[in-house]
Amino acid sequence: MKPLLLVTGAAGRVGRLLRPVLAERYALRLLDLADPGASAQEEAILGDLADPAMARRAVAGAAGVLHLAGLVGPDFGFEATLRPNYLGLVTLLEACRAARCPRFVFASSHHVVGLHAAADAPFDAAAPLAPDGFYGLSKAFGEAACGLYARRFAMPTLIIRIGNADPEVADARRARMWVSARDLAALVDIGMTAQGLACETVYGVSRASDPLFADAAAARLGYRPRDDSRDHHAAGFRPSAALGPADGADRVGGFFATRPLPHPGEP
Ligand SMILES: NC(=O)c1ccc[n+]([C@@H]2O[C@H](COP(=O)([O-])OP(=O)(O)OC[C@H]3O[C@@H](n4cnc5c(N)ncnc54)[C@H](O)[C@@H]3O)[C@@H](O)[C@H]2O)c1
Ligand SMILES: O=C(O)[C@H]1O[C@@H](O)[C@H](O)[C@@H](O)[C@@H]1O
């Protein structure tokens with residue numbers, strides 16, 4: 001029998017791309033606020049992971065959790081991120097602690113280091129945090145929360161700072177941090193199976209010609225990316241010459257680093 005993997009945020013873009021790949025190795029239970037369009041082989045739970053009863057139900061019997069759910073984007077104010085990205089994550093981690101969940105994989109983001117100058121690349125996982133907005137800030141909290149639960153409660157945890165997981169590579173900045181679905185799924189698999197894993201942070205990226213991230217930590221865990229962003233340019237791929245100031249190509253976080261940041265209290 002395949003091990004049961006809970007995928008939160010399974011109705012989202014990354015969840016939909018990963019599920020067919022992950023289904024080869026895992027029985028999937030999906031949790032989302034939105035209908036994930038479950039296949040006959042998948043089990044779906046519709047609900048809010050910030051609800052403790054919902055989180056407990058979702059985690060029950062799982063061999064591990066892939067936590068994708070959250071509010072994602074450059075324009076949100078602080079308050080909007082509180083329930084999904086702070087309370088939701090801690091509620092889920094609490095459910096995992098109570099159930100002695102054997103593995104936890106957290107979808108973090110390169111936006112935790114988004115304000116670093118792209119010219120200073122490549123960065124490794126020891127680069128100082130430099131979130132580029134309230135979304136990146138919430139991921140920095142998420143990484144710390146995962147560290148707390150992993151270390152205090154001995155829950156093997158992999159934090160994956162995903163680069164860009166779109167189906168194809170849209171532009172020159174994303175080409176430096178794109179990840180294919182099968183490479184990202186391979187990292188999830190490492191999080192589920194790596195021996196001796198305590199709490200490790202890696203970048204979720206495929207191969208690239210001028211990478212923003214140099215990922216020795218992932219390689220140590222056995223990650224060997226099979227895909228290269230150069231082979232997956234979208235039809236309308238924009239080279240660096242076509243990127244303007246609004247694209248924020250001089251920052252790791254790109255346009256996330258250029259948008260106005262709402263003051264707390266503003267919508
Ligand atoms: N797409 C990328 O390129 C990318 C890059 C870096 C990091 N990530 C991370 O990967 C994860 C998935 O990204 P995505 O692009 O699929 O985002 P998405 O917005 O498409 O999907 C997120 C999903 O989470 C669900 N969700 C939000 N709050 C919830 C809650 N309280 N309870 C249950 N479900 C909830 C939403 O309904 C949605 O379906 C996110 O955590 C994101 O930060 C994605
Ligand atoms: O910076 C990026 O390109 C990406 O950052 C991710 O966090 C977002 O989820 C995705 O929509 C962006 O495309």
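1. Strand E5 supplies three residues to the shell around ligand 1, and this is the largest share of that shell. The model is a predicted one, and the remarks that follow should be read with that in mind. E5 spans 104-109, and together with helix H1 (13-22) and helix H4 (134-152) it belongs to the elements that each give at least two residues to the shell around ligand 1.

2. The shell around ligand 1 counts 24 residues, of which Arg13, Val14, Asp32, Tyr135 and Lys139 come nearest. By class, the shell divides into twelve nonpolar, eight polar and four charged residues.

3. The polar contacts of ligand 1 involve both backbone and side-chain atoms of the protein. On the backbone side, a polar atom of Leu33 is 3.3 Å from a nitrogen atom of ligand 1, while a polar backbone atom of Leu68 lies 2.8 Å from an oxygen atom of the ligand. On the side-chain side, Lys139 places a polar atom 2.8 Å from an oxygen atom of ligand 1. Of the 820 Å² of accessible area that ligand 1 has on its own, the protein covers 88%.

4. For ligand 2, the side chains of Tyr135, Arg173 and Arg174 may be taken in turn. An N or O atom in the side chain of Tyr135 is 3.3 Å from an oxygen atom of ligand 2, a polar side-chain atom of Arg173 lies 2.9 Å from an oxygen atom of the ligand, and in the side chain of Arg174 an N or O atom is 2.8 Å from an oxygen atom of ligand 2. Ligand 2 has 310 Å² of accessible area on its own, and the protein covers 86% of that area.

5. Where in the protein do the ligands sit? Ligand 1 sits in the largest pocket, and ligand 2 likewise sits in the largest pocket.

Methods: Residues are numbered from 1 along each chain as its sequence is written. Chains are lettered from A and ligands numbered from 1 in the order in which they are written. This is a predicted model: local features need pLDDT of at least 70, side-chain atom pairs count only at pLDDT 80 or more; totals for chains, interfaces and linings use all residues. Side-chain values use heavy atoms; hydrogens and water are left out. A polar contact is a pair of N or O atoms within 3.5 Å; within protein, one must be able to donate a hydrogen and the other to accept it, and residues adjacent in sequence count only if both atoms are side-chain atoms. Accessible areas come from the Shrake-Rupley method with a 1.4 Å probe; for residues, only the protein chains shown count as cover. On a 1 Å grid over the protein atoms alone, a cavity is a set of points where a 1.4 Å probe fits but cannot get out, and a pocket is an open set with protein on both sides within 12 Å along at least five of seven lines; lining residues have an atom within 4 Å of a point. A molecule sits in a cavity or pocket if more than half of its atoms lie within 2 Å of its grid points. A residue is near a molecule or strand if one of its heavy atoms lies within 4 Å of it. Helices (H or I, at least four residues) and strands (E, at least two) are DSSP runs, numbered from the N terminus. Ala, Val, Leu, Ile, Met, Phe, Trp, Tyr, Cys and Pro count as nonpolar, Asp, Glu, Lys and Arg as charged, and the others, Gly among them, as polar.
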